[in-house]
Amino acid sequence: MNKNTTEIIKLKLAKRYAKEKRFKLYGISAIAVSIAFLLSLLINISVTGLPAFQQTYINIEVDIDSKLLKLDSQYSEQELFRANYSKVVKQSLKAMFPGVKGRKQKRALRQLVSKSAIYQLRDFVIDNPSVIDTKQSLWFLARDDVDVFMKGGIDRSLPESDRRLKDFQLVWVDKLLSENRLEKRFNVSFFTEDDSREPEQAGIKGAMIGSLLTMLVTMLLSFPIGVSTAIYLEEFAPKNNKWVDLIEININNLAAVPSIVFGLLGLAVFIGLFGVPRSVPLIGGLVLTLMTLPTIIITSRAALKAVPPSIREAALALGASRVQTTFHHVVPAAMPGILTGTIIGMAQALGETAPLLMIGMVAFIADVPQGITDPSTVLPVQIYLWSDSPERAFTERTSAAIMVLLGFLIVMNFLAVIMRKKFEKKW
Amino acid sequence: MIDIEKREEFDIEIDKTVGKPFIDDAKFSTRNVDVFYDDKQAIFDANIDIGKNQIIAMIGPSGCGKSTFLRCLNRMNDTIQGCHISGDIKLDNEDIYHKHQDPVLLRARVGMVFQKPNPFPKSIYDNVAYGAKLHGLASNKIELDELVEKSLIRAGLFKEVKDSLHKPGTGLSGGQQQRLCIARTIAIDPEVILMDEPTSALDPIATAVIEELMIDLSKKYTIAIVTHSMQQAARVSQRTAYFHMGHLVEVNDTNTVFTNPEHQLTENYITGRFG
């Protein structure tokens with residue numbers, strides 16, 4: 001090389017390295033910013049949501065008096081079921097706070113415990129009939145206001161009119177606290193109960209089962225349809241055919257259609273035309289299938305395209321038919337990519353709310369769905385519903401449900417990574 | 001330096017294939033074969049016989065159509081969009097492009113080894129057993145084991161891999177992979193083996209092993225090989241065909257082609273004046 005040329009290159013070298021360093025710096029700062037956003041989001045959700053995994057319980061000395069229950073010495077199972085448990089709870093509370101006078105205060109006293117206390121007592125008595133006419137020390141769910149207070153959500157220093165708990169109620173709570181009758185425990189019912197208007201009773205089991213059933217329908221429909229479409233378009237369809245091109249363009253466009261449009265389509269076609277029931281996992285799954293199909297088709301086609309053509313030639317030259325070539329060699333080689341695409345599509349569907357609002361899955365449903373034709377809701381819609389509720393205690397439940405949903409998404413993405421590793425083949 | 005514009009081969013007429021394109025006892029015979037990729041003609045009027053249990057080498061500069069011609073012989077060109085072929089190609093006097101001819105059956109009779117070794121991402125055993133399983137050539141596991149072993153022995157690979165039959169075929173060296181591909185091809189016992197530059201991706205030692213193997217295999221199989229190496233053509237083949245810009249210029253005994261070429265273009269090529 002000419003000495004002069006070397007000089008010229010040397011002169012520019014420092015500049016070139018500086019450029020490289022600058023570019024690296026941009027990249028690192030971009031990553032830092034996104035990590036900062038992600039962390040602040042996660043921390044915010046965790047701080048708000050974590051308290052929901054604990055729930056305040058209240059201890060009451062219950063006098064299970066058969067007279068209060070209006071039970072005779074002989075009673076049938078039905079009479080036991082219908083007995084007046086609410087009176088027992090009321091009287092037991094009164095006995096603990098003898099000084100309470102007036103309708104307003106009496107009502108406030110009742111509202112220390114959750115309404116579910118009546119049913120809890122009923123179930124307890126039915127399971128153990130021998131407790132009738134005895135005194136039992138039982139733990140019941142506390143009302144949401146007490147729960148919020150216990151978690152530091154109510155400020156004593158505020159004027160009484162701005163507080164959910166009035167002064168006299170605070171006295172009761174303090175008394176209960178000094179007698180160790182208020183306790184925070186792990187909130188099992190958040191995972192075992194369905195939605196409820198009472199925050200302390202509301203759980204996500206119904207939404208989780210609904211999500212699971214909806215995902216099942218989506219998976220069973222979109223995976224076979226999507227993958228076979230991709231295989232046909234990539235391996236068998238004639239190239240440079242205007243119909244194939246048209247289909248391809250349409251699939252690519254569908255991937256960019258706002259998801260709520262799929263909800264409208266589902267409402268018009270599946271519900272309006274075919275009469276599929278509303279608010280059920282079946283219709284949710286159908287609509288989410290429409291939404292997921294383009295993702296699955298596009299990623300599967302990319303995976304199939306990435307299989308080296310030499311593998312196809314090798315199989316064809318050995319006398320394999322095109323179907324054999326495709327299913328013996330090409331599809332197995334593309335499987336990791338296909339599965340990754342499918343799981344990403346599923347994860348997208350799991351977090352989708354908008355199209356489900358259109359097909360009635362936004363209804364308040366306080367029942368666990370038993371099958372794909374039972375009314376149900378799904379996790380993201382449950383989050384949406386709770387975020388809309390005025391009760392303070394729903395705030396933490398909203399964040400807790402988001403944490404559960406994020407947990408599911410992380411598990412699914414983790415699965416995608418494992419599957420890719422497992423099916424990956426070295427060329 | 002050669003001035004491209006003045007390269008003399010552009011002025012030389014290619015009229016008719018010279019030499020001895022036709023022989024008795026032909027395995028393959030092609031007459032008036034034209035091949036088009038969409039509108040572009042890749043092969044012009046190829047007439048040639050390929051003899052039984054012989055090796056025929058096809059040589060010529062890049063893009064001259066020799067690979068295209070080879071791929072016509074087992075209808076691998078069918079898979080290429082826009083490729084169409086006219087003329088007669090007969091294998092044992094049967095038209096292989098006849099509408100009743102099944103390409104799957106044809107490819108079982110006419111095997112192919114490619115330029116770049118392309119073992120399936122499966123075990124060595126499964127690579128060799130695949131074709132046999134596909135065509136149902138072995139009725140049980142023992143027969144299949146025997147067939148795999150026999151094919152690997154014939155391909156000269158058995159000694160090297162007998163302890164690792166269930167390891168991936170893609171883990172072998174380039175030369176071993178190519179021999180694995182040959183073993184895979186002969187496992188279905190074809191009548192003809194087409195080889196498209198089988199050693200161009202290999203080092204000289206692996207090339208020598210494969211060339212020996214070809215000579216050995218030619219006792220049983222008819223072999224057509226496309227090669228860029230004239231030495232290779234001279235070493236292994238009985239007959240040589242020279243292609244130039246889609247035209248089949250000259251076909252003759254290998255000795256004659258390399259010592260006394262009839263056509264000016266052939267001479268230019270083998271003396272290294274272009275190509």
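This is a predicted model: local features need pLDDT of at least 70, side-chain atom pairs count only at pLDDT 80 or more; totals for chains, interfaces and linings use all residues.
User: What is the radius of gyration of chain A, and is the chain compact or spread out?

Analyst: Chain A contains 18 helices and three strands. For its 427 residues the globule rule gives 22 Å, and the chain lies well over that, so it is more spread out than a compact globule. The radius of gyration of chain A is 31 Å.

User: What box do the C-alpha atoms of chain A fill?

Analyst: The box is taken along the principal axes. Its dimensions are roughly 100 × 65 × 35 Å.

User: What share of chain A counts as buried?

Analyst: The cut-off for buried is under 20% relative accessible area. The share is taken over the 427 residues of chain A. It comes to 42%.

User: Is A:Leu42 buried, partly exposed or exposed?

Analyst: A:Leu42 sits in helix 1 of chain A, residues 3–49. It belongs to a nonpolar surface patch of about 730 Å², whose members include A:Ile35, A:Leu38 and A:Val47. Patch residues need over 30% relative accessible area. A:Leu42 has 35%, so it is partly exposed.

User: What area is buried between chain B and chain A?

Analyst: Interface size is often given as the accessible area lost when the parts come together. Here 23 residues of chain B meet 18 residues of chain A. Carbon and sulfur atoms give 65% of the buried area. The total is about 1800 Å².

User: Where does B:Asp38 lie, and is it buried or exposed?

Analyst: B:Asp38 has a positive phi of about 50° although it is not a glycine. It lies in the loop between strand 2 (26–37) and strand 3 (40–51) of chain B. Its relative accessible area is 53%, so B:Asp38 is exposed.

User: Is B:Arg75 buried or exposed?

Analyst: B:Arg75, not a glycine, has a positive phi of about 55°. Its loop runs between helix 1 (66–72) and strand 5 (83–91) of chain B. With a relative accessible area of 11%, B:Arg75 is buried.

Note on methods:
Residues are numbered from 1 along each chain as its sequence is written. Chains are lettered from A and ligands numbered from 1 in the order in which they are written. Side-chain values use heavy atoms; hydrogens and water are left out. Patches are made of residues with over 30% relative accessible area and no salt bridge: like charges are joined within 9 Å, nonpolar side chains (Val, Leu, Ile, Met, Phe, Trp, Tyr) within 5 Å. Accessible areas come from the Shrake-Rupley method with a 1.4 Å probe; for residues, only the protein chains shown count as cover. A salt bridge is a side-chain nitrogen of Lys or Arg within 4 Å of a carboxyl oxygen of Asp or Glu. Helices (H or I, at least four residues) and strands (E, at least two) are DSSP runs, numbered from the N terminus. Buried means under 20% relative accessible area, exposed over 50%, partly exposed in between (1.4 Å probe, protein chains only). The radius of gyration is taken over C-alpha atoms; the globule rule is 2.2 Å times the number of residues to the power 0.38. Contact means heavy atoms within 4.5 Å. Buried area is the accessible area (1.4 Å probe) that two parts lose on being put together, summed over both.
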